[in-house]
Amino acid sequence: MPRAKPARRVRTIYKTPWFALESFKHPHNSQSYYRLTSPDSAAVLAVTPDKKIIIVRQYRPAIGKSDMELPAGHMNKGETPVQTARREFLEETGYECESFVPLGMYRVANSRLNHKVYAFFGRNARPAKKYVREKGIARILVSEKQFHQLIKQRKFVAIASIGFYYLAKTRGLI
């Protein structure tokens, strides 16, 4: 398969504080191609000392309902991936981790999205001393068995979060 040439002239079609819709000519034909660009993000699969996995439930306007997923969020300008992971995890759960182990950089829906997701495993998550609860987000602690059940019952369907769990599992972190 020939290597794709990098996109040359990218036009911003529409921009919001969360993403931009961009257009450019496809490198293998003359058709316009569209992608969504957004800030990179970090996601955290964290486990408490008693082996509970911390997930969150929050309303997702794109699907019109609340959904369960791993704590995650977009990187602010000047932030490193681990700084984002630490900040987002605290904001969404009220917990802090003893350490964050990088699981790697991954892409989600790379046929239309060009942002990166940095995955981390959080060790020994414990309630933070200072925490301001973020509205609309519920923290849920589950055993590994319960987590498997949520996946099997299709109550936990965030595929990137499921993938990050299996990355941690195959590396012996869980």
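How many helices and strands are there in the protein chain? In this predicted model, the protein chain holds three helices and 12 strands. The C-alpha trace of the chain spans about 55 × 35 × 30 Å along its principal axes, and of its 174 residues, 35% are buried.

One part of the strand arrangement is an open sheet of three strands, which follow the order β1-β2-β3 with antiparallel pairing. Its edge strands are β1 and β3, each of which pairs on one side only, and neighbouring strands of the sheet are turned against each other by 25° on average, with direction ignored. Between β2 and β3 the antiparallel pairing extends over six bridges, and Phe 24 has Tyr 33 of β3 as its bridge partner. In general terms, the strands of a sheet pair through backbone hydrogen bonds, in either a parallel or an antiparallel manner.

Ile 13, Tyr 14, Trp 18, Phe 19, Tyr 34 and Leu 36 together make a nonpolar surface patch of about 620 Å², to which β1 (11-15) and β3 (32-37) are the elements that give two or more residues. Phe 19, a member of this patch, is found in the loop between β1 and β2 (20-25). The relative accessibility of Phe 19 is 33%, and this residue therefore counts as partly exposed, since the partly exposed class lies between the limits of under 20% for buried and over 50% for exposed residues.

Strands β4 and β10 run parallel and are joined by six bridges, whereas β9 and β10 pair in the antiparallel sense over seven bridges. Ala 119 in β10 illustrates both pairings, as this residue stands opposite Ala 43 and also opposite Gly 104. Strand β10 is mostly covered, with five of its seven residues buried.

The largest nonpolar core comprises 23 residues, of which Leu 45, Ile 53, Ile 55, Phe 121, Phe 147, Phe 156 and Phe 164 touch the most other members. The elements that give two or more residues to this core are the strands β4, β5, β9 (99-106) and β10 (117-123), together with the helices α2 and α3. Among the contributing elements, α3 gives the most, with five residues.

Most residues other than glycine have a negative phi. Lys 51, by contrast, has a positive phi near 70° although it is not a glycine, and this residue lies in the loop between β4 (41-47) and β5 (53-60). With a relative accessibility of 60%, Lys 51 counts as exposed, because the exposed class begins over 50%. Arg 154, likewise a residue other than glycine, has a positive phi of about 60° and is placed in the loop between α2 (144-152) and α3 (159-170). The relative accessibility of Arg 154 is 64%, so that this residue also counts as exposed.

Methods: Residues numbered from 1 in each chain as written. Predicted model: local features only at pLDDT ≥ 70, side-chain atom pairs only at ≥ 80, totals over all residues. Heavy atoms only, no water. Helix = DSSP H or I, 4+ residues; strand = E, 2+ residues; numbered from the N terminus. Buried < 20%, exposed > 50% of the residue type's maximum accessible area, 1.4 Å probe, protein only. Patch = residues over 30% accessible without salt bridge, like charges linked within 9 Å, V, L, I, M, F, W, Y side chains within 5 Å. Areas by Shrake-Rupley, 256 points an atom, 1.4 Å probe, with all protein chains shown as cover. Salt bridge = Lys/Arg side-chain N within 4 Å of Asp/Glu carboxyl O. Pairing = 2+ DSSP bridges. Axes fitted to C-alpha atoms, helices over the stretch in contact; angles between N-to-C directions. Core = buried A, V, L, I, M, F, W, Y, C linked by side-chain atoms within 4.5 Å.
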